[in-house]
Amino acid sequence: MRPSDRDIEQALIGWLPRQRWFAGKGREIAQVEIVSGTELSGPGAPPGPEGPELRHTLVAVRQDGARDLYQLLLGFRHRLPDRLRYAEILALDGMHVYDAAHDPELTGVLLECLAAETRVGPLSFHRVPGAQVETGLTSLAGTAEQSNTSLVYGETYIYKLFRRIVPGVNPDLELNLALTEAGCRHIPRLYGWAEMRVADQGEDHPATVGMLSEFLRTASDGWQLATTSVRDLYGSPAEVSADQAGGDFAAEAERLGTATASVHRDLAEAFGVRQVPPQALRDAAARMEDQLDTACADVPELARHAEPIRAAYRDLAELERPVPVQRIHGDYHLGQVMRTDRGWVLLDFEGEPARTLAERQAPAHPLRDVAGMLRSFEYAARFLLSGTPGVHHRESDAAQRALLERRAREWADRNRNAFCRGYADGGGPDPGAHRVLLRAFELDKAVYEVRYEARNRPTWLHVPLSSLPHLTT
């Protein structure tokens, strides 16, 4: 007999905060409530009462007066294999409840539902017109740190299981559908998606809960390529400059800039471009100041950089010309791009996870994406510093620390400049001709990073903080 919903809800209070994708870390959970449960049959599951069972589940989590929805695939087994022990949520009266996203015996049902365009309960599965979905493939849950869970099926598909569910069409699906229709070659092929009806303010609205895309089996992760380049430079003799190191990344950074401009053009054609008046810039600067105030309260170390950041926001507010806005990626960094045999490919158009859906869907100046990637080059340059021999273990070696700092700045500047050059040559707005906009966007992103890291990855907080002295001078 399965544990009751009440038992599962109580277990989730302790289990949810330990999950990387849970957005409410650091805040007390007042209540967890199962608001939807839909039985799905897993292909290949052993028949009879001993076989695993799968239930698609939506839970409401209340924290600080707010209510957020999260998607779970709950598995039920009388005997839990050792390989699934780490995914266990609850064991009661001889029944184990666990996160079945990690159970390949059950997750094949998602492919079957997409292939058949199944409708069951509040769930509906859809294929992109003309796309075919192969079934019978075994999944493997990704281990990368992210706000969702990715299931890789063989070397063919990747299914993004959205964890935090918001009523409405997820921008990742919305933009990928439009770019697929436009024939964009810088995104993975989209095969299908899943959605469910979610009650919101007394009405049912569709909400995106998953999407199936091409798995880029020969691709190299942009973050890994960049940090490998940094590692090569740090391991080179002191007299070797960034352009002389064996793993120089600048040519790839330039090609990435060109690919980014191409995607921005496709998004502009698909969704249009409009001009916003100078008042919109003043409003944006005011929102940036509000975020800065909040971040300084959360992270006091940020306060020492606040004045030059405010000055950049004032410069933005004083611009007296209309600016173009359009749909953009919204959370653009090296972890969102892959180098393939057909060039750079952009992933994850969902937007910044801490933003509201309306904020993530709002048009913005394309230099916001450029600013995000420039910040990512800073991250790549500085991420390794804390783990580089001599930085913390030899605190007295000032010369060694100064050398590594100089190399971090050299690598970041070289690749930032190459990316901007490629972006401008690819037809994007020249970053060098819009310095006030770009500086404000980049500082706003840095402030967001400080607050995000303090909440979610405190061991990474030094990365954005250490780049601010260079950025604010």
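Mentor: Axes are lines fitted to C-alpha atoms, for helices over the stretch in contact, and angles run from 0 to 180 degrees between N-to-C directions. Keep in mind that this is a predicted model.

Trainee: OK. At what angle do α5 and helix α10 pack, and how far apart are their axes?

Mentor: The angle is about 35°, and the axes of α5 and α10 (residues 398–425) are 7 Å apart. The crossing of α5 past α10 is right-handed.

Trainee: Which residues in α5 meet α10?

Mentor: Among them are Ala-253, Gly-257, Ala-261 and His-264. On the α10 side, the residues include Arg-414, Ala-418 and Phe-419. By class, this contact has 7 nonpolar, 6 polar and 4 charged residues.

Trainee: What else does α5 lie across?

Mentor: Helix α5 (residues 250–271) lies across β17 and β18, at about 50° to β18.

Trainee: Switching to the strands, in what order do they come in that open sheet?

Mentor: The order is β14-β17-β18, with antiparallel pairing. β14 (220–221) and β18 (343–346) each have a single partner strand, so one side of each has no neighbour in the sheet.

Trainee: How many bridges join β17 to β18?

Mentor: There are 4. Within that pairing, Met-338 stands opposite Val-345 in β18.

Trainee: What does Trp-411 touch?

Mentor: Its contacts include Val-230, Leu-233, Phe-249 and Phe-377.

Conventions:
Residues numbered from 1 in each chain as written. Predicted model: local features only at pLDDT ≥ 70, side-chain atom pairs only at ≥ 80, totals over all residues. Heavy atoms only, no water. Pairing = 2+ DSSP bridges. Helix = DSSP H or I, 4+ residues; strand = E, 2+ residues; numbered from the N terminus. Contact = heavy atoms within 4.5 Å. Left-handed = near helix turned anticlockwise from the far one by under 90°. Nonpolar A, V, L, I, M, F, W, Y, C, P; charged D, E, K, R; others polar. Lists of a residue's contacts leave out its neighbours within four places in sequence.
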